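Please open the model in a viewer and keep the selection panel at hand. The tour below goes from one selection to the next.

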Amino acid sequence: MPDYTGDIDARPIGAPQSKAGAWLHRFANPGRFQRLVQPILPWLTMVAFVTTVVGLVWGFFYAPADWQQGIASRIMYVHIPAAWVAMNGYAALAICSLLSIVWRHPLADIAAKEIGPVGAGFTALCLISGSLWGRPEWGTYWVWDARLTSVLILLFLYLGHMALIRAFDNPQHGYRAAAILGLVGAVNLPIIVFSVYWWNTLHQGNSISVTGPSKIYVTMLYPLIICTVGFYLAFAAMCLGRISSGIMENRARALLLARAERGGA
Amino acid sequence: MSRFLALIRRELILALRHAGDSVASLLFFIIAASLFAFAVGPSPAVLSGIAPGVIWVIALLAALLPLNRLFAADYEDGGLDQLMVSGLPASAVAFGKIIGHWLTTGLPLLIIAGPVAIMLRLDASGVPQLLLTLLPGTILLSLVGGMSAAITLGARGGTVLLPLIALPLMIPALIFGAAGAVTPHPIAEFAMLLGLLALFLPLAPLAAGAALRAAVS
């Protein structure tokens, strides 16, 4: 098999086998991706920014504070959206891994590479905000609560994937290995979460509950929804921007290699 | 099948010729156990309380030690390419290697774990239960570890990468294994361990085989 490392544009797009294959291959062309994404990226970024700021300002300054938890409860406007994005980001990563394994979709490879750091960032944000909330509410920065522990392990999985996909001299090998890891992680993640819950109930009583009385008022729900939409848009904008620059990076590297091969300076 | 057995025999012969590698991970197991005694003090009450968990963690770490070389040695000298064209499916090659890892690391750990647990002041009556959890446990560690070794094969800095990949995936085995070693009637824990085994017995060789194919292509 010829080695198309570096320049994904040079890879032949095989004859589509099926309808799904044809649909997927339409979007396998990095050039088409660039033409599609470049015009909407600034708008997406702007909308994401405005939505997030509106949601956070509403949540932090205008929505009522929780009568039990006081001002600290406002951290949920960062914490909860970050947790959702972190989890669904891993789902996106797993889908990219599947596309990469089954169809060898070149865009999915780059997407998997670029979703990793963004997802890890949101996971870290979720952990840090949760820990800051825990200090006034639980009296400690960290408890081995089942949810906290699961999110911590999610962060480990992200970091492992991030490190792996960048650790190979041959990028194609890295994409394959990371896709296998992404799928294994997706199969394993529910088991890990289940085992952590099991371990948690086994070792300590339910003295602390994250859920608590979970009747949430509409005045708090609206800013939460807006924040969530903003976080998802921000996630999408960051990933698309990173994928776009990843494609350009690969292209630049391929051009440099080609020039070096011709013997030019 | 005869080729598969030949592969396992080859692994065992290689392990025997380089017996130092297997012995080193056993020594690590014993030394790490004694470090715990030095760190938390010789009090029998404290030691016996943490002994099953400590044994599980250091068994996990000791199983991790030889994984670096599990595929890498053959990858570097071209032996892996030979194995891949030997007519065996890639997953069978991976599975044979994993069995080799268990026979040369998991089984010796299982034998030495009892005396080490008693040194950590675990009550002798608790030892059989601990060993019973370690039996499926070490197989699981070999499966998950072998899979991680295949995935990180050929990576820069694979030595540090391998634990980063393998350890999070080993958490369920650790949770159910260590819990099964201390709870009075660990039926559910054993069922979960066997369930994990039923999942990883096909999954790990398949994933490892795919990773090996990616590594030699």
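The stops below concern the interface of chain A and chain B.

This is a predicted model, in which local features need pLDDT of at least 70 and side-chain atom pairs count only at pLDDT 80 or more, while totals for chains, interfaces and linings use all residues. Residues are numbered from 1 along each chain as its sequence is written, chains are lettered from A in the order in which they are written, and side-chain values use heavy atoms, without hydrogens and water.

**The interface as a whole.** Select chain A and chain B: the contact (heavy atoms within 4.5 Å) takes 27 residues from chain A and 31 residues from chain B. The two chains bury about 2400 Å² between them, 80% of it on carbon and sulfur atoms; buried area is the accessible area (1.4 Å probe) lost on being put together, summed over both parts. Next, select A:His173, A:Ile180 and A:Trp198, which supply 22% of the area that chain A buries against chain B, more than any other three residues.

**The salt bridge.** Select A:Asp169 and B:Arg156. Their closest N and O atoms are 2.7 Å apart, forming a salt bridge (a side-chain nitrogen of Lys or Arg within 4 Å of a carboxyl oxygen of Asp or Glu). The rule finds 1 salt bridge across this interface.
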